[in-house]
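This report describes selected features of one protein chain. The sequence and the coordinates come first.

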Amino acid sequence: MNILLLGSGGREHALAWKIAASPHCSGLWIAPGNPGTAQLGTNLPLGVNDFPALRQACIEQQIDMVVVGPEDPLVNGIYDFFKADEATSHIIVVGPSRAAAQLEGSKFFSKQFMHRHGIPTASYASFTAENYEEGRKYISNHPLPVVIKADGLAAGKGVVVAATHEEALRAYEQMIKEEQFGAAGNTVVVESFLTGIEVSVFVLTDGESYQIIGHAKDYKRVGEGDTGPNTGGMGCISPVPFVDDAFMQKVTERIIEPTIAGIRAEELVYKGFIFFGLMNVGGEPWVIEYNCRMGDPETEIVMPLLQTDLVALLAAMDNGTLGDANISFYDKKGATIVAVSEGYPGNYPKNRVITGLDTIAAGGDTLVFQAGTTNKGEAIVTSGGRVLAVTAFGDTLTSAVQHARTTLDRIHFEGMYFRSDIGYEFPDQK
């Protein structure tokens with residue numbers, strides 16, 4: 001099977017690594033990819049939203065399956081584009097239709113969906129420029145902290161957890177009046193704050209049946225001990241100690257199955273991944289958000305822990321046999337630590353030479369996934385805020401974290417920073 005993977009980050013490097021390991025993959029192309037994915041397949045200098053160019057590449061390379069990494073192409077309707085074209089309608093597209101991708105593309109849509117299907121989520125209200133003053137009054141009287149969310153995609157920056165009413169009102173004004181996030185902020189969702197521990201659960205579905213393919217806990221804040229500004233993710237662990245059989249049964253019965261039933265009832269075309277962003281509130285799971293693709297850096301730990309062949313699962317998703325698939329996982333503890341550029345998540349320098357990558361042996365209990373990297377001559381240099389992720393495994397969570405840190409000590413670029421305390425809340429997991 002010839003496969004085209006869309007994206008260029010750590011998530012895509014991990015997906016490429018997993019796909020390339022499958023005996024069902026006869027050829028792998030990545031658009032646009034990075035230096036890490038180039039070691040596993042052929043990079044194509046094409047943008048993930050350049051649908052006509054991607055269509056042409058699929059025809060030329062006789063692509064059988066397109067795996068969509070990031071959210072933008074899904075929300076922009078790449079599934080519909082390929083299926084509407086006679087030349088590409090036969091290609092398996094791993095991702096939801098444009099309508100179904102609104103579960104991620106519109107926070108208001110997703111909240112309405114959860115409300116319609118009785119899925120536990122925080123209480124909310126939504127406002128636009130037309131009822132702007134009503135929103136100000138609502139926020140001014142809302143218990144603190146309060147969550148202000150731009151409705152659409154905002155590159156992970158459209159959520160503010162406000163500790164004061166002044167901060168909340170300022171965020172609200174910036175989104176609607178000042179158009180901070182453009183059209184993504186035309187509608188603003190105001191949510192109650194949930195107190196607990198976050199966890200992400202990942203599912204593959206064909207819109208009828210599903211399989212849970214992993215879970216992880218992400219660490220969003222840049223500083224040790226969860227301090228400082230939010231980032232795209234500084235690391236993660238899996239399996240998460242509090243995610244036991246009882247908790248997963250609640251997640252399955254109260255969240256996953258009602259979501260799949262809702263997708264079916266609303267006749268949404270959905271063949272791909274669902275990322276359930278959850279909050280464990282006193283042992284009870286609540287939905288914070290849906291994403292319509294795999295997460296980053298969670299993919300960098302979920303894929304290596306998934307023992308089952310990913311391409312075989314994706315084929316089963318397409319041919320209606322997903323419900324019969326056998327899912328197995330490696331019995332290891334894993335930790336992923338992300339190395340970021342100096343200044344991230346604010347402004348950061350680029351083109352800093354990365355050394356030490358060639359000293360890390362491929363395979364074994366350590367994997368290095370490249371994210372914000374590019375080639376400059378014969379060197380690999382930094383090109384993004386999150387530069388690379390090291391995933392390591394051990395018999396205990398503590399040993400996995402230590403293994404990842406030891407590996408990172410062998411990699412260097414000027415201004416490199418990483419959190420050394422990933423998994424710090426679980427010190428008894430020796």
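Predicted model: local features only at pLDDT ≥ 70, side-chain atom pairs only at ≥ 80, totals over all residues.

**Nonpolar cores**

The largest nonpolar core has 72 residues. Those with the most contacts inside it are Leu-4, Leu-6, Leu-54, Val-66, Phe-276 and Leu-388. Helix α9, residues 245-265, gives the most to this core, with seven residues. Apart from this core lies another, of 35 residues, which includes Leu-28, Ile-92, Met-294 and Leu-367. In soluble globular proteins, nonpolar side chains tend to be buried together.

Leaving out residues up to four places away in sequence, Phe-276 touches Val-199, Ser-200, Val-201, Val-203, Ile-255, Ile-256, Thr-259, Glu-289 and Tyr-290. Among these contacts, Ile-255, Ile-256 and Thr-259 are also on the list of buried residues of α9.

**Helix α9**

What span should α9 have at 1.5 Å a residue? Its 21 residues should span 30 Å, and the end C-alpha atoms are 28 Å apart, which agrees.

**Strand β14**

Strand β14, residues 235-238, is covered on both faces. Gly-235 and Ile-237 are buried on one side, and Cys-236 and Ser-238 are buried on the other. With strand β11 (residues 210-218), β14 pairs in the antiparallel sense over two bridges. With strand β17 (residues 333-340), the pairing of β14 is also antiparallel, here over four bridges. Cys-236 takes part in both pairings: it is the bridge partner of Asp-218, and its own bridge partner in β17 is Thr-336.

Asp-296 is found in the loop between β16 and α10 (299-305). Is Asp-296 buried or exposed? Its relative accessibility is 16%, so Asp-296 counts as buried, the limit being under 20%. The side chain of Asp-296 reaches the backbone nitrogen of Arg-11 at 3.2 Å. Leaving out residues up to four places away in sequence, Asp-296 touches Gly-9, Gly-10, Arg-11, Gly-232 and Arg-386.

The peptide bond from Asp-296 to Pro-297 is cis, and Pro-297 lies in the loop between β16 and α10. A cis peptide bond also joins Leu-144 and Pro-145. Pro-145 lies in the loop between α7 (132-140) and β7 (146-150). The omega values are listed here.

| Cis peptide bond | Omega |
|---|---|
| Leu-144 to Pro-145 | about -10° |
| Asp-296 to Pro-297 | near 20° |

**Positive phi outside glycine**

Glu-179 is not a glycine, yet it has a positive phi of about 50°. Glu-179 is found in the loop between α8 (165-176) and β9 (188-192). At 53% relative accessibility, Glu-179 counts as exposed. Glu-267, another residue other than glycine, has a positive phi near 55°. Glu-267 follows α9 and lies in the loop between α9 and β15. Its relative accessibility is 72%, and Glu-267 therefore counts as exposed.

Conventions. Residues numbered from 1 in each chain as written. Heavy atoms only, no water. Core = buried A, V, L, I, M, F, W, Y, C linked by side-chain atoms within 4.5 Å. Buried < 20%, exposed > 50% of the residue type's maximum accessible area, 1.4 Å probe, protein only. Contact = heavy atoms within 4.5 Å. Pairing = 2+ DSSP bridges. Expected span 1.5 Å × (residues − 1). Polar contact = N/O pair within 3.5 Å; in protein donor to acceptor, adjacent residues only side chain to side chain.
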